[in-house]
Amino acid sequence: MAAIKDTKSFMRITHRYLGYFAAGIMAVYSISGVLLIYRDTNFLKKENKTEIVLKPNMTEKELAKEIKMKNIEFQPGEGDLKIFEQGTYNLQTGEAKYTKMQLPIVLEKFNQLHKSTSKHRYASLNAVFGLVLFFFVISSFWMFNFKSKAFRRGMIYAGIGFVLALIMVFFQ
């Protein structure tokens with residue numbers, strides 16, 4: 001019985017202090033997560049006009065990569081000035097003028113947390129945060145006595161949440 005009490009105490013105390021630690025990280029992730037939901041809209045974005053000289057005679061794909069835009073398609077027309085939805089590109093001079101809708105820099109930095117890969121500078125933070133969240137899942141089962149009514153109800157709600165997540169993932 002002593003080992004169970006020690007494990008329970010350890011889980012509760014660690015859960016508490018990791019919770020405080022993770023609260024700040026979760027605030028940033030929650031803001032960026034909500035913003036990413038609306039990334040296909042102009043919510044909180046402002047128009048940013050850019051004029052830049054690039055190498056001449058670029059294709060649509062090369063231009064898109066260079067100015068970090070997707071789906072650039074030149075409109076039909078003759079001459080060196082190619083027009084696309086967000087701006088223009090001069091094939092002869094390489095001059096590009098375009099408009100992008102962008103989040104303020106602070107919010108854009110927040111969003112990079114969600115978009116990082118294993119080589120990104122935030123990779124270790126993301127991994128630690130994921131492990132802390134997984135610890136919360138496991139340690140939460142030690143918050144109540146295993147035989148209590150609150151624990152049994154909690155298991156039902158945990159099961160419902162798990163099944164709902166699976167349904168949302170597999171039956172889009």
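Here are legends for a few close-up views of this predicted model.

**View 1. K100, a buried lysine in a strand.** K100 sits in strand β4, which covers residues 95-102. What does a buried lysine like K100 have for a partner of opposite charge? No salt bridge here: the nearest side chain of opposite charge belongs to E108, and that is 9.2 Å away. What the side chain of K100 does reach is the backbone oxygen of K68, at 3.3 Å. Setting aside residues up to four places away in sequence, K100 touches K46, E47, N48, I67, K68 and M69.

View 2. Strand β1 runs over residues 46-53 and includes E47. Apart from neighbours within four places in sequence, E47 is in contact with T99, K100 and M101.

View 3. Side chains of opposite charge can pair when their charged atoms come close. How many salt bridges does the structure hold? There are 2. One joins K49 to E47, with N to O at 3.9 Å, and both of these residues are exposed. Another links K115 with E108, where the closest N and O atoms are 4.0 Å apart.

**View 4. Helix α4, end to end.** Helix α4 takes in residues 123-139. Buried residues in α4 are N126, F129, V132, F135, F136 and S139.

**View 5. Spans annotated as transmembrane.** The unreviewed UniProt entry places "transmembrane region" features at residues 17-38, 122-144 and 150-171. In the model, residues 17-38 are 95% helix and 0% strand, with end C-alpha atoms 33 Å apart. Residues 122-144 are 74% helix and 0% strand, and here the end C-alpha atoms are 35 Å apart.

Key
Residues numbered from 1 in each chain as written. Predicted model: local features only at pLDDT ≥ 70, side-chain atom pairs only at ≥ 80, totals over all residues. Heavy atoms only, no water. UniProt positions renumbered as here; feature names shortened; annotations may be inferred. Helix = DSSP H or I, 4+ residues; strand = E, 2+ residues; numbered from the N terminus. Buried < 20%, exposed > 50% of the residue type's maximum accessible area, 1.4 Å probe, protein only. Lys, Arg positive; Asp, Glu negative; His and termini not counted. Polar contact = N/O pair within 3.5 Å; in protein donor to acceptor, adjacent residues only side chain to side chain. Contact = heavy atoms within 4.5 Å. Expected span 1.5 Å × (residues − 1).
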